[in-house]
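Subject: Structure handover

Hello,

Here is the structure I promised to pass on. My notes follow below it.

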Amino acid sequence: MYPAMRDKRLRALSIAALVLIAAGARAEMSIDDPALRIQQTRLDNGLTVLALEDHTTPVVSFQMWVRVGSRDEARLTGLAHLFEHMMFKGSNAIEPEEHGRLIASRGGRSNAYTTRDVTVYTSEVTSQALPLVIALEAERLANLDITESTLDSEREVVIEERRMRTDDSPGGRGLEALFSLAFQAHPYGWPVIGWASDIANSTVVACREFFAAYYVPNNITLVIVGDFDTASALEQIEQAFGHLEAAPSIPRNTTEEPPQDGVRRAVVHFDVQSPTLAFAWRAPPSGHPDSEPLDVLSQILSGGRSSRLYRRLIYTDQLALSAHGGYWEWADAGVFYAYASVRPGEPVERVEDLLLEEISKLREDPVDPSELDKAKRQIEVSMVSELSTNRALANRVGYEAVVLGRIRPLVERLAAIESVSIADVQRVARKYLRSDGLNVVQVVSETEAPLAGRGS
């Protein structure tokens with residue numbers, strides 16, 4: 001099927017780059033970064049178009065990035081995610097769910113997702129179907145059907161989604177509690193899907209106000225990568241989107257998170273056989289100079305079966321069924337997290353002690369040079385893989401353009417990873433993984449007796 005097809009030229013470049021990385025030839029490496037050939041166009045109403053024309057395969061990735069996420073909500077949480085659903089419920093000219101059916105009938109696929117910072121609508125189609133995608137996106141922006149009936153149906157869908165992913169999930173409940181601890185003022189602390197009562201109490205008036213505030217051309221970036229004619233696509237976009245009116249201003253939530261000055265803990269009671277344990281420390285936002293050292297640190301701690309958490313908790317001590325972590329970064333802030341699923345019958349507090357011990361080692365002891373080099377190679381391979389498909393490239397371009405404000409050259413990103421030193425890893429561990437910045441959540445059955453007041 002065509003979505004699985006790879007751009008042969010880009011794949012060849014990726015394979016060549018991987019060979020060079022594995023051989024340690026990064027200094028001599030020359031990578032053709034397609035993102036540097038992006039053509040940017042801005043319509044008079046502020047709509048931004050990022051286009052990369054490439055005819056190697058007859059596939060186009062079209063993405064509409066709306067700069068609105070859960071962080072932009074005010075009175076009611078969950079509205080950004082709710083609109084991810086509402087945008088498929090029809091407009092003046094399109095019946096409910098017809099958007100996806102029209103694209104699927106032409107061999108394509110469409111989807112969407114919401115994060116704390118953005119909402120993204122994606123389509124993977126053949127070049128012949130691109131004009132249809134452009135017309136469909138413009139139609140639902142101009143004439144979305146926001147009525148009691150459509151809201152009622154999607155509200156129920158989202159409530160059920162929340163029940164399955166969060167309310168009935170020990171992992172979902174734990175992560176929700178963890179973010180609520182880590183961010184007590186900033187909107188990153190509430191769930192992207194929203195609180196259940198807010199979803200239930202959302203109204204047509206609130207939805208229309210939210211849509212009018214954020215679904216405006218000067219808050220939208222279109223990313224098109226693949227087999228299309230740039231001039232023709234831009235002409236179609238001008239005709240379809242050019243009449244939409246820009247908003248005079250776009251409201252933003254300006255709340256800042258105050259410093260954390262002590263350990264925060266929570267216990268969630270849930271009927272589980274395998275308790276879970278989650279840690280989080282607040283970390284810098286996306287694009288921060290410490291992002292690369294934190295990426296390397298997270299790879300060393302939890303990047304696969306050779307990582308420290310896996311070796312200690314699963315292989316050596318055999319106290320956990322799974323263990324992972326990493327550095328999550330967003331526009332305003334980030335978190336460094338660690339997570340473990342405790343083996344049934346084993347004490348949660350013992351796993352917590354071992355996990356904190358591994359964190360302490362990263363703060364106190366320099367990492368081994370071979371460990372550092374391996375982590376760098378793994379991250380570099382992941383970065384280069386972003387060249388492998390039109391969709392991956394569009395995701396990278398959209399994220400960096402919308403969230404960071406610029407598209408970073410791949411060589412710049414690789415150089416930043418390569419420059420991370422042993423001292424850098426220890427520095428960021430000491431700076432961000434502090435004892436007084438720790439947030440801990442235990443998800444245990446009611447018969448468990450978790451210890452309170454433990455530190456690191």
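Which residues have the most contacts inside the largest nonpolar core? They are Phe-83, Tyr-215, Leu-222, Ile-237 and Phe-241, in a core of 57 residues. A nonpolar core here is a set of buried Ala, Val, Leu, Ile, Met, Phe, Trp, Tyr and Cys residues joined through side-chain atoms within 4.5 Å. Helix H8 gives this core its largest share, 7 residues. Another core lies apart from it, with 47 residues, including Leu-294, Val-296, Val-367 and Leu-438.

First, the ground rules. This is a predicted model: local features need pLDDT of at least 70, side-chain atom pairs count only at pLDDT 80 or more, and totals for chains, interfaces and linings use all residues. Residues are numbered from 1 along each chain as its sequence is written, and side-chain values use heavy atoms, with hydrogens and water left out.

Back to the 57-residue core. Phe-241 touches Leu-43, Asn-45, Leu-47, Ile-134, Glu-137, Ala-138, Leu-141 and Leu-222, leaving out residues up to four places away in sequence. Contact means heavy atoms within 4.5 Å.

Next, a helix pair. Helices are DSSP runs (H or I, at least four residues), numbered from the N terminus. The axes of H2 (residues 79-86) and H8 (residues 204-214) come within 11 Å and cross at roughly 90°. Axes are lines fitted to C-alpha atoms, for helices over the stretch in contact, and angles run from 0 to 180 degrees between N-to-C directions. H2 and H8 are therefore roughly perpendicular to each other (65 to 115 degrees). On the H2 side, Leu-79, Ala-80, Leu-82 and Phe-83 meet Ala-206, Cys-207, Phe-210 and Phe-211 of H8. By class, that contact has 8 nonpolar, no polar and no charged residues. Ala, Val, Leu, Ile, Met, Phe, Trp, Tyr, Cys and Pro count as nonpolar, Asp, Glu, Lys and Arg as charged, and the others, Gly among them, as polar.

Two single residues are left to describe.

His-186 sits in the loop between helix H6 (170-182) and helix H7 (196-201). Its relative accessible area is 6%, so His-186 is buried (under 20%; exposed is over 50%, partly exposed in between, with a 1.4 Å probe and protein chains only). The His-186 side chain reaches the backbone nitrogen of Tyr-188 at 3.0 Å. Leaving aside neighbours within four places in sequence, His-186 is in contact with Thr-255, Glu-257 and Asp-332.

Glu-98 is in helix H3 (residues 98-104). Glu-98 is partly exposed, at 23% relative accessible area.

Best wishes

Key
Helix = DSSP H or I, 4+ residues; strand = E, 2+ residues; numbered from the N terminus. Parallel < 35°, antiparallel > 145°, perpendicular 65-115°, else oblique. Polar contact = N/O pair within 3.5 Å; in protein donor to acceptor, adjacent residues only side chain to side chain.
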